[in-house]
Amino acid sequence: MSITAAIILAAGEGTRMKSSTPKVLHSLAGKTFLQRVMRAVEATCPQSIAVVVRHQGEVVASAARSYNNDAVIVNQDEIPGTGRAVQCALEELKARGDLDGTIVIAAGDMPMLDADTLNTLIAEHEKSGNGATILSCKLENPFGYGRIIRDSAGGFVRIVEQKDGTDEELAVNEVNTSVYAFDARVLMQSIETLNSSNAQGEFYLTDALSNAREISQVGISVVDNPLRVEGVNDRVQLAKLAKAYNREICEYWMREGVSILDPEATWIEDDVVLEADCVILPGSYLQGETHVATEAVIGPDTTLIDAVIDRGARVERSRVEKTHIGEEANIGPWTYLRPGNDLAQGTKAGAFVEMKNAHIDEGTKVPHLSYVGDAHIAHHTNIGGGTITANYDGVHKNRTEIGSNVHVGAGNMFVAPVRVGDHVTTGSGSVIRHNVPDDAMVYSENTQHVVENWKPKWERNDE
């Protein structure tokens, strides 16, 4: 297949989303619609990818460049319509060189479009020698879509938009998906004579297909799975599509040997990697480049973001961000691991523990009600409940170093920067402000005072 160019239409405002974010930059399973469409198009290996922008054009263009720095950004002018968008793209592409071969056109708001669907369309287009090929699908409820009108022999006649169709035409359930393959020469001829004589006063790209029919053969390729080409117009459609897509992801991982107890209550993004025999419990949300190893148990009610979970670890009712959890480690419940942590084999971060930029060595336990930030705790140390590393002095984040085989009493506060040696015991309620040598016991004076028969001022009898 020789794909001279791909044109992605990303100029629309998407008013029904009712959002300050351009529609194509809304997300499904961790990637924007535009990123997903660009990724599908890239897999067909076009010589050029043109992204047509208009509404919040700089924002959309910046996103497109971040996905593919070689993308050709085309600014659509004030003339509305998908036909005008393609005209603008062709002008830009022609200025960069000859157009000869197949041009693929796709809308930027179809987040489930994939390379297999596009490659099937392109292969059928080139095998049949069509001047243009439309990707269509059949829907039980085709409202809002342009209808494919065929002749008695099943050949393409025209596409009728929802607002322009008769009752008979709107009864047709085969719809235009807004994905096309064109011969470059046919497209350039077909797009030249477009006009805005329609209900919306726009240059319709679909009219170019009627023009193409006059000079060449126009074919139709029917997609098997309508979800691959379903567009998103509002938040309701997005939620339905996201749920359908997530079901596919969960089913894929279950077939790969992962136990997902309730796929309806489990959300997994694209770039997550799960190994066979790990277990995902209900209420779990796995995001970004999370990796869960075999025999690990995640959940219930757990969020993992760019986390690495090693073999046999358990993370329960917790939030873990950009953190490595070692083998057989035990996290939660109600634990918050902020970015930058590395917990080694057999460690524990228990109930209501928060960590940030903490390195916890093998066998060390932070059981409950503690904050460990910008700290290194060596192996086989136990941190008493209610312990805090006071790492911020108002300007800098300072480090706390706690050695191995240390027993930290309850309610300790380590005022960083501070270093505590190996085999140290600290007394309950201690405030550790200065370095402590190995094999020491440290406590801070905290005299208890009792005032008997005391009452608050408002309860006293001053008579």
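Student: Is Gln162 buried or exposed?

Tutor: Buried means under 20% relative accessible area, exposed means over 50%, and partly exposed is in between, with a 1.4 Å probe and protein chains only. Gln162 has a relative accessible area of 17%, and therefore it counts as buried. Before going on, note that this is a predicted model in which local features need pLDDT of at least 70 and side-chain atom pairs count only at pLDDT 80 or more, while totals for chains, interfaces and linings use all residues. Residues are numbered from 1 along each chain as its sequence is written, and side-chain values use heavy atoms, with hydrogens and water left out.

Student: Where does Gln162 lie, and what does its side chain reach?

Tutor: Helices (H or I, at least four residues) and strands (E, at least two) are DSSP runs, numbered from the N terminus. Gln162 lies in the loop between strand S9 (156-160) and helix H5 (167-170). A polar contact is a pair of N or O atoms within 3.5 Å; within protein, one must be able to donate a hydrogen and the other to accept it, and residues adjacent in sequence count only if both atoms are side-chain atoms. Here the side chain of Gln162 reaches the backbone nitrogen of Gly144 at 2.8 Å. Contact in the wider sense means heavy atoms within 4.5 Å, and, not counting residues up to four places away in sequence, Gln162 touches Pro142, Phe143, Gly144, Tyr145, Arg147 and Leu170.

Student: Which contacts does Thr426 make?

Tutor: Thr426, in strand S37 (residues 425-426), is buried because its relative accessibility is 4%. A polar atom of its side chain lies 2.9 Å from the backbone nitrogen of Gly409. Leaving aside residues up to four places away in sequence, Thr426 touches His407, Val408, Gly409, Asn412 and Val442.

Student: How does one check the length of helix H8?

Tutor: The expected span of a helix is 1.5 Å times one less than its number of residues. For the 21 residues of H8 (residues 235-255) this should give 30 Å, and the end C-alpha atoms are 30 Å apart, so the two values agree.

Student: What is found at the ends of H8, and which of its residues are buried?

Tutor: An α-helix has 3.6 residues a turn, so residues three or four places apart point the same way. The buried residues of H8 include Leu238, Leu241, Ala242, Tyr245, Ile249 and Trp253. Among the elements that cover the buried residues of H8 are helix H1 (33-42) and strand S2 (27-28).

Student: At what angle do the axes of H3 and H6 cross?

Tutor: Axes are lines fitted to C-alpha atoms, for helices over the stretch in contact, and angles run from 0 to 180 degrees between N-to-C directions. The axes of H3 (residues 82-95) and H6 (residues 184-191) come within 10 Å and cross at roughly 125°. That makes H3 oblique to H6, since angles under 35 degrees count as roughly parallel, over 145 as roughly antiparallel, 65 to 115 as roughly perpendicular and the rest as oblique. Gly83, Val86, Gln87, Leu90 and Lys94 in H3 meet Leu187, Met188 and Ile191 in H6.
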